[in-house]
Amino acid sequence: EIKRGILLMLFGGVHKVTPSGTNLRGDINVCIVGDPSTSKSQFLKYVCDFLPRAVYTSGKASSAAGLTASVVRDKETGEFGIEAGAP
């Protein structure tokens with residue numbers, strides 16, 4: 001199931017606009033939680049190597065306040081993206 005979830009994340013979803021005008025992004029986010037030594041980190045690190053918009057962070061990178069991320073605008077495309085860590 002982990003491989004299937006990562007595969008779906010790679011292809012993403014479909015951007016939609018509801019009849020009321022709400023814009024729904026097609027991005028799929030993945031949070032993998034499981035037993036130690038089941039290759040969770042290796043799968044995600046591999047994806048981050050070739051997918052430019054992928055963001056990898058782990059519990060080791062967290063503080064007592066938890067994992068942090070910030071939303072930033074891409075200078076080239078103008079689209080918003082997520083970066084690990086606080087600004």
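**Briefing: a predicted protein model with two helices and four strands**

Phenylalanine 50 has a relative accessible area of 46% and is therefore partly exposed, a class that lies between buried (under 20% relative accessible area) and exposed (over 50%), judged with a 1.4 Å probe and protein chains only. The model is predicted: local features need pLDDT of at least 70, side-chain atom pairs count only at pLDDT 80 or more, and totals for chains, interfaces and linings use all residues. Residues are numbered from 1 along each chain as its sequence is written, and side-chain values use heavy atoms, with hydrogens and water left out.

**Overall architecture**

- The protein contains 2 helices and 4 strands; these are DSSP runs numbered from the N terminus, with helices (H or I) of at least four residues and strands (E) of at least two.
- Read from the N terminus, the order of the elements is α-β-β-α-β-β.
- The protein has 87 residues, of which 8% count as buried.
- Among the contacts (heavy atoms within 4.5 Å) with a separation of 6 or more, 30% join residues 24 or more positions apart.

**The aromatic pair**

- The structure holds 1 aromatic pair.
- The pair is edge-to-face because the rings of tyrosine 46 and phenylalanine 50 have centres 5.4 Å apart and planes at 70 degrees.
- By definition, rings of Phe, Tyr and Trp (its six-membered ring) pair if their centres lie within 6.5 Å; planes under 30 degrees apart count as stacked, over 60 as edge-to-face and the rest as tilted.
- Tyrosine 46 and phenylalanine 50 are 4 residues apart in helix H2 (residues 40-50), so about one helical turn separates them.
- Tyrosine 46 counts as exposed because its relative accessibility is 55%.

- Lys40, Leu44 and Val47 are the buried residues of H2.
- These buried residues fall within an arc of 55 degrees when seen down the axis of H2, so they line one face of the helix; the arc is that of the directions from the helix axis to the C-beta atoms.
- Gln42, Tyr46 and Asp49 are exposed on the other side of H2.
- Helix H1 (2-11) is included in what covers the buried residues of H2.

**Residues of helix H1**

- Isoleucine 2 is found in helix H1 and, with a relative accessible area of 31%, is partly exposed.
- Leaving out residues up to four places away in sequence, isoleucine 2 touches Ile32, Lys40 and Phe43.
- Isoleucine 2 and lysine 40 are 38 residues apart along the chain, and their C-alpha atoms are separated by 8.0 Å.
- Glycine 5 also lies in helix H1 and counts as partly exposed at 25% relative accessibility.
- The C-alpha atoms of glycine 5 and valine 30, which are 25 residues apart along the chain, are separated by 7.1 Å.

**A nonpolar surface patch**

- Val55, Val71, Phe80 and Ile82 make a nonpolar surface patch of about 380 Å².
- Patches are made of residues with over 30% relative accessible area and no salt bridge; like charges are joined within 9 Å, and nonpolar side chains (Val, Leu, Ile, Met, Phe, Trp, Tyr) within 5 Å.
- A salt bridge is a side-chain nitrogen of Lys or Arg within 4 Å of a carboxyl oxygen of Asp or Glu.
- Isoleucine 82 is placed in strand E4 (residues 80-84) and counts as partly exposed at 46% relative accessibility.

Conventions. Accessible areas come from the Shrake-Rupley method with a 1.4 Å probe; for residues, only the protein chains shown count as cover.
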